[in-house]
Amino acid sequence: KRVFTISEKIITGSLVQYHWQKTLGNYISVTGSDHMVKIFDRHGHKRNEINLPGVCVSMDWDKDGDALAVIADKSNTIYLWDANTHKTTQLDSGMRDQMSFLMWSKAGSLLAVGTTKGNLLIYNLQTSRKVPVLGKHTKRIICGCWSSQNLLALGSEDKTITVSNQEGDTIRQTTVRAEPSDVQFSVMKTDERASAGESTVSAIVGKKTLFLFNLSDPDNPIELAFQQRYGSIISYRWYGDGYIMIGFSQGYFVVISTHIREIGQELFQAHNHKDN
């Protein structure tokens with residue numbers, strides 16, 4: 001059954017973003033192009049709103065659902081909404097350039113914020129400690145992901161992917177041939193389970209190829225290309241024992257394995273949609 005609908009009168013514009021509160025699922029944060037984030041409970045009642053100086057660039061809930069972080073266009077401030085007190089605090093990033101990327105850690109209270117000039121801030125919600133990392137990239141940070149071991153992978157318009165520890169130190173770096181997007185951590189399907197935890201960074205490169213970067217074998221990244229008729233890569237997800245499902249702009253859906261003996265082979269392909 002339908003529980004509630006948020007109408008276009010409440011959320012204006014076509015740039016609609018929404019995020020359910022992690023762990024608890026009691027709140028959903030929604031924004032359009034009206035410089036405002038609205039927070040609704042699970043019954044569709046509006047509980048709060050955050051006024052922004054510009055359009056919302058990104059927002060994310062921390063792993064426990066206690067804090068919603070928001071960054072906006074034309075601003076170097078981070079907005080933090082507390083789900084327990086329903087109060088919003090403004091955190092000065094200390095950066096002179098605008099924010100372009102934001103993501104909470106999966107394993108702790110760390111928030112990573114990237115900027116349009118390639119700088120990075122790591123903020124600890126529990127201790128309020130800010131670690132600025134200048135020059136992490138030379139251009140805008142556009143995507144990123146935390147691993148379950150608190151490693152941070154970032155992709156930038158400078159066509160590089162960096163992997164950093166929670167102090168912001170770069171431990172791995174690789175160049176890609178076009179702009180990366182949708183960086184994710186996972187485990188490749190290998191015969192031996194020597195590597196501890198999520199040791200593979202994946203990313204879409206130039207919307208056409210899938211790039212696999214094994215932190216244990218950094219000199220031999222794998223780049224997978226697909227049939228041209230599939231169109232651009234729209235989305236992909238890791239699942240199971242090292243499998244990846246990929247959706248394309250021409251409506252194709254493909255499953256591949258990252259097992260070294262099967263890599264590059266399509267295990268499944270369907271054309272269920274006319275477009276993306």
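By class, ten nonpolar, six polar and four charged residues make up the lining of the largest pocket. In this classification Ala, Val, Leu, Ile, Met, Phe, Trp, Tyr, Cys and Pro are nonpolar, Asp, Glu, Lys and Arg are charged, and the others, Gly among them, are polar. The structure is a predicted model, in which local features need pLDDT of at least 70 and side-chain atom pairs count only at pLDDT 80 or more, whereas totals for chains, interfaces and linings use all residues. Residues are numbered from 1 along each chain as its sequence is written, and side-chain values use heavy atoms, with hydrogens and water left out.

The largest pocket holds about 670 Å³ of space. A pocket is an open set of points on a 1 Å grid over the protein atoms alone, where a 1.4 Å probe fits, with protein on both sides within 12 Å along at least five of seven lines; lining residues have an atom within 4 Å of a point. The volume is the space filled by probe spheres set on the points, which are joined across faces, edges and corners. Of the 20 lining residues, Phe101, Met103, Cys143, Gly144 and Asp182 lie nearest the centre of the pocket. At least two lining residues come from each of strand E1 (17-20), strand E5 (56-61), strand E9 (99-104), strand E13 (141-146) and strand E17 (180-186). Strands are DSSP runs (E, at least two residues) numbered from the N terminus.

Eleven salt bridges are found in the whole structure, a salt bridge being a side-chain nitrogen of Lys or Arg within 4 Å of a carboxyl oxygen of Asp or Glu. One of them links Arg237 to Asp182, with the closest N and O atoms 3.9 Å apart. Arg237 belongs to strand E21 (residues 233-239) and Asp182 to strand E17, so this pair ties together parts that are 55 residues apart in sequence. Both residues are partly exposed, Arg237 at 44% relative accessibility and Asp182 at 28%; buried means under 20% relative accessible area, exposed over 50%, and partly exposed in between (1.4 Å probe, protein chains only).

Another salt bridge joins Arg47 and Asp41, where the closest N and O atoms are 2.9 Å apart. Arg47 is partly exposed, at 44% relative accessible area, whereas Asp41 is buried, at 6%. In a further salt bridge, the side chains of Lys74 and Asp73 meet at 3.3 Å, N to O. Asp73 is partly exposed, with 27% relative accessibility, and Lys74 is exposed, with 63%.

Lys74 lies in the loop between strand E6 (67-72) and strand E7 (77-82), and its phi is positive, near 60°. Most residues other than glycine have a negative phi. Thr23, which is not a glycine, also has a positive phi, of about 70°. Thr23 is placed in the loop between E1 and strand E2 (27-31) and is exposed, at 65% relative accessibility.

On the surface, Val16, Tyr18 and Trp20 form a nonpolar patch with about 330 Å² of accessible area together. Such a patch is made of residues with over 30% relative accessible area and no salt bridge, nonpolar side chains (Val, Leu, Ile, Met, Phe, Trp, Tyr) being joined within 5 Å. Accessible areas come from the Shrake-Rupley method with a 1.4 Å probe. Val16 lies in the segment before E1 and is partly exposed, at 45% relative accessibility.

Conventions: Helices (H or I, at least four residues) and strands (E, at least two) are DSSP runs, numbered from the N terminus. Patches are made of residues with over 30% relative accessible area and no salt bridge: like charges are joined within 9 Å, nonpolar side chains (Val, Leu, Ile, Met, Phe, Trp, Tyr) within 5 Å.
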